[in-house]
Amino acid sequence: GRRSRRMFDLFVAEIPWTVSSKELKEYFSQFGTVQRCQLPFDKDTGFHRRYCWIKFSTQEDVQNVFQKDSHILEGAKV
């Protein structure tokens with residue numbers, strides 16, 4: 001059988017300014033395989049825009065994220 005190339009995106013908002021894309025990827029890796037973390041930056045300020053997309057490889061990985069009631073990064077709920 002042919003393997004699907006589909007990816008499953010999760011939108012994450014209210015990310016603290018101090019959290020990096022590497023930290024986001026590490027955190028969300030506990031729920032499954034993170035293919036990519038897209039954390040857009042504002043060209044004018046140099047800061048990220050406090051939201052990102054996490055791309056997982058399976059729908060099950062995304063569902064695993066929703067099994068946990070809340071996600072706290074550096075003391076802030078995302």
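This report covers the salt bridges, the cysteines and the surroundings of one proline in a predicted model.

Residues are numbered from 1 along each chain as its sequence is written, and side-chain values use heavy atoms, with hydrogens and water left out. Because the model is predicted, local features need pLDDT of at least 70 and side-chain atom pairs count only at pLDDT 80 or more, while totals for chains, interfaces and linings use all residues.

**Salt bridges**

A salt bridge is a side-chain nitrogen of Lys or Arg within 4 Å of a carboxyl oxygen of Asp or Glu.

| Lys55 | Asp9 | 2.9 Å |

Helices (H or I, at least four residues) and strands (E, at least two) are DSSP runs, numbered from the N terminus. Lys55 pairs with Asp9; this links distant parts of the chain, with Lys55 in strand S3 and Asp9 in strand S1 (residues 8-13), 46 residues apart. Accessibility is given as relative accessible area: buried means under 20%, exposed over 50%, and partly exposed in between (1.4 Å probe, protein chains only). Lys55 is buried at 11%, whereas Asp9 is partly exposed at 42%.

Glu14 is partly exposed, at 48%, and Arg50 is partly exposed, at 27%.

Lys22 is exposed, with 59% relative accessibility.

**Cysteines**

A disulfide is a pair of cysteine sulfur atoms within 2.5 Å, and a search of the whole structure finds 0 disulfides. The cysteine sulfur closest to that of Cys37 belongs to Cys52, but at 4.3 Å it is too far for a bond. Cys52 is accordingly in no disulfide. Cys37 is buried, with a relative accessible area of 15%, and Cys52 is buried with 0%.

**Pro40**

Pro40 sits in the loop between strand S2 (34-38) and strand S3 (51-56). Leaving aside residues up to four places away in sequence, Pro40 touches His48, Arg49, Tyr51, Cys52 and Trp53, where contact means heavy atoms within 4.5 Å. Ser70 is 30 residues from Pro40 along the chain, and their C-alpha atoms are separated by 23 Å.
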